[in-house]
Amino acid sequence: MKKEMLYFIPAILLLSGCGKSVSISINTNKNESTISESNNINESKETEITRDNEQTGVEMFDATVYYKPKDGYEPPENVIPQIKTDNKNLDSVVERINSTWTNDYSNIQITRADSNVFSLLIDTVTFDNNNSSKELRGVNINSSTGKELKITAVLKDADALYDKLMNDKDFIDKYDDIDNFGEKMKSVLTDPDAFSDGENINKDVTWSLSNGVMMIYMLEDTKNGKRTVSIPVDYIKYKEFFKDGILDLPDDYAFKIIVDNEMKANINGRESSVEVEQEIDEYGILQEIELKIDGNEREYKDDSNSYGISDAYIFKKGNSAYLYLELTYDNDYRSIKVIDLNKNDEQSDIQESFADTAPLNPDKFYLGDRVATVSTVNVERKYSLGDDGKPKALENYYTIVTPVNLVSKVELSVEHLDGVNGNKSGDEILPVGALLTPVGSDNKTFTDYRMNTGDIVRIPMQKSSDGDITIDGKDVRDVFEGTFFAG
């Protein structure tokens with residue numbers, strides 16, 4: 001019987017959303033801090049996150065990940081991850097991310113997006129003379145100015161934090177397989193000039209900020225190549241080392257759980273130890289999930305034949321907090337188990353999985369699913385956290401995130417729309433040979449497509465009780481060339 005450990009960081013699980021902004025600091029008496037501000041490196045006002053008496057609160061903004069086909073290639077191969085935001089201060093940063101810092105072997109993980117901080121990790125595989133290597137880039141931006149955040153705008157006394165971490169044997173023992181671990185930690189925490197535009201000199205270490213931790217990323221050599229190791233520096237446990245503006249968070253938020261790191265969490269006004277264990281049998285199948293809060297155990301049996309937890313987030317809304325555990329199965333199928341952290345034994349299962357855009361805002365986040373309509377495609381739609389902790393759909397429209405090029409084999413009657421999921425603006429008969437890319441659907445009665453002219457059109461479809469899709473009574477394989485169906 002093999003048991004794997006998964007610890008998480010429910011930072012302020014049950015803090016009340018009093019007022020317009022929530023600070024992660026537990027002790028607000030400045031006299032209790034042992035950190036001297038006099039040692040700080042001077043920061044430009046353009047990068048420093050400041051707090052003033054008239055601060056109206058920290059608000060989240062929309063930041064999403066999407067994909068576009070690489071020039072000269074046909075989707076779904078060679079698609080490049082991109083991001084978009086509704087924060088105009090970040091336009092130049094977004095342009096650099098999309099045009100310079102990513103390729104079709106990149107992965108983007110947005111970790112924080114609020115009026116204080118915009119932060120993300122770009123993990124990229126590069127090729128040189130048939131040799132591949134991984135590169136890490138952390139992007140940390142002052143959301144109000146669009147300027148890069150240096151580590152000196154984040155930490156009060158970096159040297160003291162470095163000494164505290166390096167004198168913690170339990171902390172060091174977790175990462176002793178990483179070459180030059182101490183030197184890399186020192187470069188992240190104490191040398192702001194080692195990073196420029198999110199890039200470390202050696203490209204194998206970087207950092208980002210989330211709603212619960214400062215995350216340090218390092219590459220570790222394994223027998224299967226390099227892997228990215230995430231090293232959390234918890235806001236609560238090390239609160240005296242972080243500047244106030246960094247610790248000011250929105251009232252409600254979500255944050256990623258970090259594997260194999262036991263942390264302290266503030267539950268009902270006091271610090272508690274919190275951990276999750278997953279029990280995997282000799283066949284690699286999940287048998288049981290154990291949740292421990294201050295040693296009090298909750299056990300959740302699992303008979304879904306999953307291979308265990310692939311990703312996990314805590315959703316904090318008001319005084320309630322929920323654990324979302326994504327489980328993985330054959331053919332990369334995924335589902336989510338929802339556990340109420342306030343109440344014993346309350347859990348539910350949903351068919352959705354996490355989307356490419358990380359869930360950070362309980363009032364509006366994306367979940368994904370895989371459907372078989374005009375092809376087997378990945379879709380996502382917007383949700384909010386319901387009163388029972390389950391996701392509540394904000395719309396009936398699914399965005400299709402798997403680029404697919406289809407060519408019509410028959411003439412098709414279409415409705416022109418004034419944009420994706422927009423209002424009808426006209427009708428047309430498309431000829432044989434029309435190039436169409438599915439962009440959205442209700443998964444039942446219609447699919448929207450982008451034409452090679454950029455126009456959006458809607459084509460009705462019919463779904464049988466068995467789940468088969470037809471268009472004008474014809475199987476979709478007889479309507480389009482280029483369809484593909486998994487399994």
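In this predicted model, residues 1-44 have pLDDT values that stay under 50, although 146 contacts beyond four places in sequence are present for this segment. For the protein as a whole, the mean pLDDT is 84, with 85% of residues reaching 70 or more. Among the elements, strand E2 (residues 22-23) shows the lowest mean pLDDT, 40, whereas helix H2 shows the highest, 97.

The largest nonpolar core comprises 35 residues, and Leu 189, Met 214, Ile 216 and Phe 242 make the most contacts inside it. Two or more residues are contributed to this core by each of helices H2 (158-166), H4 (181-190) and H5 (244-247), and by each of strands E10 (205-209), E11 (213-222) and E12 (225-234). Apart from this core lies another, of 32 residues, which includes Val 65, Ala 254, Ile 350 and Leu 367. When neighbours within four places in sequence are set aside, Ile 216 is in contact with Met 185, Val 188, Leu 189, Val 205, Thr 206, Trp 207, Val 229, Ser 230, Ile 231 and Val 233.

The second largest pocket has a volume of about 870 Å³. Its lining consists of 29 residues, with Tyr 66, Tyr 67, Thr 399, Ile 400 and Arg 450 lying nearest the pocket centre. Elements that supply two or more lining residues are strands E3 (63-69), E4 (79-85), E25 (376-385), E27 (398-400), E31 (435-441) and E32 (446-451). Strand E3 gives the most, with 5 residues. In composition, the lining of this pocket divides into 15 nonpolar, 7 polar and 7 charged residues.

Conventions. Residues are numbered from 1 along each chain as its sequence is written. This is a predicted model: local features need pLDDT of at least 70, side-chain atom pairs count only at pLDDT 80 or more; totals for chains, interfaces and linings use all residues. Side-chain values use heavy atoms; hydrogens and water are left out. A nonpolar core is a set of buried Ala, Val, Leu, Ile, Met, Phe, Trp, Tyr and Cys residues joined through side-chain atoms within 4.5 Å. Buried means under 20% relative accessible area, exposed over 50%, partly exposed in between (1.4 Å probe, protein chains only). Helices (H or I, at least four residues) and strands (E, at least two) are DSSP runs, numbered from the N terminus. Contact means heavy atoms within 4.5 Å. On a 1 Å grid over the protein atoms alone, a cavity is a set of points where a 1.4 Å probe fits but cannot get out, and a pocket is an open set with protein on both sides within 12 Å along at least five of seven lines; lining residues have an atom within 4 Å of a point. Grid points are joined across faces, edges and corners, and a volume is the space filled by probe spheres set on the points. Ala, Val, Leu, Ile, Met, Phe, Trp, Tyr, Cys and Pro count as nonpolar, Asp, Glu, Lys and Arg as charged, and the others, Gly among them, as polar. pLDDT is the predictor's confidence in each residue, from 0 to 100.
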